[in-house]
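Please find below some notes on the fold, written for a colleague who will want the cut-offs stated alongside the values.

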Amino acid sequence: MAASISAQGKGRFLAINVTGAAAATGGGVGSIINPEGALIHIVRTFWMITTGSTGAANLNVGIGVAATTDASDLISALDAAVAGTFNGIAQVTTAKTAAGLAWGATSYLNFTGSATTAGLVGTFYVEYIRS
């Protein structure tokens with residue numbers, strides 16, 4: 001028997017600074033292309049909102065094929081006006097894999113507000129494993 005360390009399976013945390021926006025379109029709050037340029041699997045996420053939005057809006061966070069996709073497979077309809085720490089485990093969807101939510105090499109992590117999220121300040125943490 002032999003064992004060796006592989007480049008596959010490397011786990012990482014990604015910290016994304018997010019500020020609110022007036023746009024209420026898909027990815028209107030922000031969008032991040034896959035930073036590895038390879039298939040990765042999101043294991044869990046943490047959303048730390050330090051300052052809630054000044055208006056009433058809900059936030060969706062998820063993986064989309066375009067930067068303008070309104071996806072909610074990580075966070076769905078979270079109240080943007082409430083400060084706090086929120087845990088986002090990947091929901092069961094067609095993109096669900098045994099190792100977590102698949103984030104394709106050319107896909108985007110999108111943040112979408114249902115209305116203006118102006119005033120919102122926070123950090124979104126993503127724990128993932130690279131395939």
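The points below go from the basis of the model to its strands, its sheet and its surface.

1. This is a predicted model, in which local features need pLDDT of at least 70 and side-chain atom pairs count only at pLDDT 80 or more, while totals for chains, interfaces and linings use all residues. Residues are numbered from 1 along each chain as its sequence is written, and side-chain values use heavy atoms, with hydrogens and water left out.

2. The protein has 0 helices and 10 strands, where helices (H or I, at least four residues) and strands (E, at least two) are DSSP runs numbered from the N terminus. Along the sequence the pattern accordingly reads β-β-β-β-β-β-β-β-β-β.

3. Four strands, in the order β2-β9-β4-β5, form an open sheet with antiparallel pairing, two strands being paired if DSSP finds at least two bridges between them. Because β2 (30-33) and β5 (75-79) stand at the edges with a single partner strand each, one side of each is left without a neighbour in the sheet. From one strand to the next the twist averages 15 degrees, with axes taken as lines fitted to C-alpha atoms (for helices over the stretch in contact) and angles running from 0 to 180 degrees between N-to-C directions.

4. Within this sheet, β4 (residues 58-64) pairs with β9 (residues 108-113) in the antiparallel sense over 6 bridges, and L59 stands opposite G113 in β9.

5. Among contacts (heavy atoms within 4.5 Å) between residues at least 6 apart in sequence, 80% join residues at least 24 apart.

6. Of the 131 residues, 39% count as buried, meaning under 20% relative accessible area (1.4 Å probe, protein chains only), with exposed set at over 50% and partly exposed in between. The accessible surface comes to about 6400 Å², of which 57% belongs to carbon and sulfur atoms, by the Shrake-Rupley method with a 1.4 Å probe; for residues, only the protein chains shown count as cover.
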